[in-house]
Amino acid sequence: MNLAASSTRFARRTARLRASTIREMLKVTQQPDVISFGGGLPAPELFPCDAMVARMRDVMQRYGPAAMQYSVTEGIPEMRSWVAQRLSPRFGRTVTPSETIIVNGSQQGLDLVAKIMVDPGDHVVLENPSYLGAIQAFDAYEARYLTAQTDEDGIIPESLEQVLREAAPFPKFLYLVPNFQNPTGRTLAAQRREQIVRICERCDLPIVEDDPYGELRFEGEDLPPLSFYPTNGTVIYVGTGSKVISPGLRVAWLVIPNEEVREKVVLAKQGADLHSGTLAQYLFHAYASSGDFDPHVRAIRELYRHRRDVMHAALQEFSPSSVSFNYPHGGMFLWARAAGIDTAELLEVCTRRRVVFVPGESFYPARDVHDGMRLNFSNQSEENIREGIKRLAEAIKLSS
Ligand SMILES: Cc1ncc(COP(=O)(O)O)c(C=O)c1O
């Protein structure tokens, strides 16, 4: 059979679809003796399973058939009001339910944004490194990437300005994760946030603000989201229930003040899935609006803070001096660099030693930085974190 001929039956954009390193690795992590710092998984022991049984009963008693029925594309009114209320204090204004759209995971939000904005060959501006799932979503629309440099305080405004000055064609939007970024755990400094909004406003560049970790701050003051700053430009805020209740529910949201953009997203979503699961939305809403929710989020923060500390201490104790790592103030990831080591190769050694992480390379669109490691601390016990970092450190010493 002529393989070249058979492959022409696929759309051209499928050529850009690669197996994600993370998904491939998750297969290995199913094996019980592997300690995984790889996935971005929440701690399963904190999932509120018992409370959900009770909430499910409430939903069925109160909404019954409506919870089982088709619904509107924008999301059930209860969820949209909850999102608007939750975000109003953070946005420093009254967010209205009509600005919100409930989506099937924030991953779908990213897909829809690219679907309405990106033509093949268009540029999107990313932080360098950036969230791999966003790159995957944008790849499907044949985006090309321009990258702004980052430091410990997030994206560097001067680098963004320079990228925009030189860009041809001019990009369609800037995508960034301002709080406890995936993969680096870094947070965009307070003084840079308004600066970024103003730069984008001046050149009419929409901002996609992806904020799955904003609720997971362990210490220090919450910083205003970019959506806090009034602007004549377009800011699309992406939030999710995945890290505060459950990723399995796939309940997430967009806040899009610009009506024209919002309507396009709604039409794109209609074509994709008609609407997000009605039952999941009712269930999410029932838990999120109960008295259990805020204490639950506090419990998540407490546990992850402790695990971050255990991982950081283990890295200090076991890793050689060639390894540098940060101390993120929230989220689920710590970022380490192993000077002079290709961490994709290191992963092979580590897999044999039954510990895995995500090599940093995949988070750089140009795949030109090879010594980074994304280490997830939310999903392993204290004992496993210490043991896993010990194994990782031994593998690094062997590979040095
Ligand atoms: C930055 C970022 N955006 C989006 C997502 C996708 O989350 P969701 O479960 O809401 O689709 C993740 C998941 O890890 C993430 O880290």
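Which polar side-chain atom lies 2.8 Å from an oxygen atom of the ligand? Select Arg250: a polar atom of its side chain is 2.8 Å from a ligand oxygen. Such a pair counts as a polar contact, meaning N or O atoms within 3.5 Å.

This is a predicted model, in which local features need pLDDT of at least 70 and side-chain atom pairs pLDDT 80 or more, while totals for chains, interfaces and linings use all residues. Residues are numbered from 1 along each chain as its sequence is written, and side-chain values use heavy atoms, without hydrogens and water.

Next, select Tyr213, where an N or O atom of the side chain is 2.6 Å from an oxygen atom of the ligand. At Gln107, a polar backbone atom is 3.0 Å from a ligand oxygen. The protein covers 92% of the 400 Å² of accessible area (Shrake-Rupley method, 1.4 Å probe) that the ligand has on its own.

Now display the shell of 14 residues around the ligand, each with a heavy atom within 4 Å of it. Among the closest are Ser106, Asp210 and Thr240.

Move on to helix H5, residues 77-91; a helix here is a DSSP run of H or I with at least four residues. H5 reaches 20 Å from its first C-alpha to its last, close to the 21 Å expected at 1.5 Å a residue, a span counted as 1.5 Å times one less than the number of residues.

Methods
Helix = DSSP H or I, 4+ residues; strand = E, 2+ residues; numbered from the N terminus. Polar contact = N/O pair within 3.5 Å; in protein donor to acceptor, adjacent residues only side chain to side chain.
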